[in-house]
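Dear colleague,

Here is the structure I said I would pass on. My notes on it follow below the files.

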Amino acid sequence: MNFFGFFMHGGDEIDLAPLVDIAFLLLTFFMMTTVFRATDKIQVETPQSNSAAKEPTKRYVIVTVSDSTDKHDTQVVVNMDEYKVRVIAFQGTPYEREATGTDGVLLKDWRKELYEILLRARQADPGQTIVLKADKNAKFSVVNEVMIKMKEVKFDQVQMITKMEQ
């Protein structure tokens, strides 16, 4: 059988239209089902624990607290995995444009802004989990202050991210 001659010199042509349709259907499927993981603007080293609870993978608000021992003030980053919640939470704030990304928003004056942003996020989707991710060198007073603001907003589910003990 001469396959080379079949493909190069005529014969019945192969209709590639269904192949292109399937390729675009697969591309569309993967684009629609892909979930982008929210990333952090600041890197933190979390403390160790022996908790077996897993980090939530969807419908969460994460508050990241940086190391407090360096020369700079403590940094607080707020991020949400759902785009709609991010837009609503940061609407009318100076961070409105930053909220469209997945990196989270570094709050300039977190003591004044954190409560309002968390409240809007909770109102946008009350079933979310709020997650605290604090550096192991963060001052207790700062972490406590953040936890108090989280409690005032009254999220139903609260978690802390830690590193599993070896």
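**Helices on the sheet**

Helix α4 (residues 110–124) lies across β2, β3 (76–80), β4 and β5, and runs at about 10 degrees to β3. Please keep in mind throughout that this is a predicted model.

For α4 and α5 the angle is about 35 degrees and the axes are 9 Å apart. Their crossing is right-handed. On the α4 side the contact is made by W110, R111, L114, Y115, L118, L119 and R122, and on the α5 side by V142, E145, V146, K149, M150, E152 and V153. By class, the residues of this contact comprise 9 nonpolar and 5 charged, with no polar ones.

**The sheet**

The strands named above belong to an open sheet of 5 strands, in the order β4-β3-β2-β5-β6, with mixed pairing. At its edges are β4 (105–107) and β6 (157–160), each of which pairs on one side only. From one strand to the next, the twist averages 20 degrees.

Strands of a sheet pair through backbone hydrogen bonds, in either the parallel or the antiparallel sense. Taking the pairs in turn:

- β3 and β4 are antiparallel, with 3 bridges; V76 is opposite L107 in β4.
- β2 and β3 are antiparallel too, with 5 bridges; V63 is opposite V78 in β3.
- β2 (residues 60–65) and β5 (residues 129–134) run parallel and are joined by 6 bridges; the bridge partner of T64 in β5 is K133.

How much of β3 is buried? The count is 5 of its 5 residues, so the strand is largely enclosed by the rest of the structure. V76, V78 and M80 point one way from β3, while V77 and N79 point the other way, and all are buried.

F140 is found in helix α5. Is F140 buried or exposed? Its relative accessibility is 65%, and exposed means over 50%, so F140 counts as exposed. S68 lies 72 residues from F140 in sequence, and the C-alpha atoms of the two are 9.4 Å apart in space.

**The chain as a whole**

The protein chain has 5 helices and 7 strands. Along the sequence they follow the pattern α-α-β-β-β-α-β-α-β-α-β-β. Of the 166 residues in the protein chain, 34% are buried. The accessible surface of the chain comes to about 11400 Å², and carbon and sulfur atoms account for 56% of that surface.

Among contacts in the protein chain with a separation of 6 or more, 70% are between residues 24 or more positions apart. The parallel pair of β2 (residues 60–65) and β5 (residues 129–134) can be looked at alongside that figure.

If you go through the model yourself, the contact of α4 with α5 and the buried strand β3 are the places where I have given residue lists or counts to check against.

Regards

Terms used. Residues are numbered from 1 along each chain as its sequence is written. This is a predicted model: local features need pLDDT of at least 70, side-chain atom pairs count only at pLDDT 80 or more; totals for chains, interfaces and linings use all residues. Side-chain values use heavy atoms; hydrogens and water are left out. Helices (H or I, at least four residues) and strands (E, at least two) are DSSP runs, numbered from the N terminus. Buried means under 20% relative accessible area, exposed over 50%, partly exposed in between (1.4 Å probe, protein chains only). Contact means heavy atoms within 4.5 Å. Accessible areas come from the Shrake-Rupley method with a 1.4 Å probe; for residues, only the protein chains shown count as cover. Two strands pair if DSSP finds at least two bridges between them. Axes are lines fitted to C-alpha atoms, for helices over the stretch in contact, and angles run from 0 to 180 degrees between N-to-C directions. A crossing is left-handed if the near helix is turned anticlockwise from the far one by less than a right angle, and right-handed if clockwise. Ala, Val, Leu, Ile, Met, Phe, Trp, Tyr, Cys and Pro count as nonpolar, Asp, Glu, Lys and Arg as charged, and the others, Gly among them, as polar.
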